[in-house]
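Let's go through this fold together, one feature at a time. Have the viewer open and follow along.

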Amino acid sequence: MIPEFHRPIRIDQIGEGETRQHITADADERRRLMGRFGLLALDSLAADYSLRRDAAGIVATGRLTAQVAQPCVASGEPVPESVDEPFTLRFLPEGSVEGGEFELDDEAMDTMFYAGASIDLGEAAAETLALALDPYPRSPHAEEALRAAGVLKEEEAGPLSALGGLKDLLKK
């Protein structure tokens, strides 16, 4: 299956030095990524890559930028967000790590596996975006929406507040 944002680059096009790539998602790709990630808007998505070979595979460093809107976790209202995320990724051939496990060291980075003779910079950008998104976006009206739904604040719902009714029962 071809991903929503597909920008393959052949491994043999990455020479001994550094190879630079700039990718941008078009309107249709952004629309499909909105569906995949449950976004209300994805107005822009771009990534700049610097690719180089190393002993294990391909190392990509760069920066991802995007303009998104996610639904507020409490009210569903759009929560706009500007994403500006530096990244370092290592692309390894599938099956190059025995049992799918490997040791992380001081230079650990996110790892993506590839099959065939190319890596997909678009899918790498999409996954980087997913990791950079706020997992609990809140609009300015989130607090009142939660209050209206009967959700207590953390300090109101603490472990001792649950015992408040027990104190009254013991007095009887």
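A: Five strands make an open sheet with mixed pairing, in the order β2-β3-β4-β5-β6. Its edge strands are β2 (19-24) and β6, each pairing on one side only. From one strand to the next, the twist averages 25 degrees. This is a predicted model, where local features need pLDDT of at least 70 and side-chain atom pairs count only at pLDDT 80 or more, while totals for chains, interfaces and linings use all residues. Residues are numbered from 1 along each chain as its sequence is written, and side-chain values use heavy atoms, leaving out hydrogens and water.

Q: How do I read strand pairing, and how many bridges join β4 to β5?

A: Strands of a sheet pair through backbone hydrogen bonds, either parallel or antiparallel. Here, two strands pair if DSSP finds at least two bridges between them; strands (E, at least two residues) and helices (H or I, at least four) are DSSP runs numbered from the N terminus. Strand β4 (residues 58-71) runs antiparallel to β5 (residues 78-93), with 14 bridges joining them. Thr65 stands opposite Asp84, and Thr61 faces Thr88. Six residues lie between the strands of this hairpin, where Gly76 takes a positive phi near 80 degrees.

Q: Which way do β5 and β6 run, parallel or antiparallel?

A: Parallel: five bridges join β5 to β6 (residues 110-114). Look for Pro93 opposite Tyr114 and Arg90 with its bridge partner Thr111. On β4's other pairing, β3 (residues 41-53) is antiparallel to β4 over twelve bridges, with a hairpin of four residues joining them.

Q: What does helix α2 lie across?

A: Helix α2 lies across β2, β3, β4, β5 and β6, at about 130 degrees to β5. Contact means heavy atoms within 4.5 Å, and angles run from 0 to 180 degrees between N-to-C directions, using axes fitted to C-alpha atoms (for helices, over the stretch in contact).
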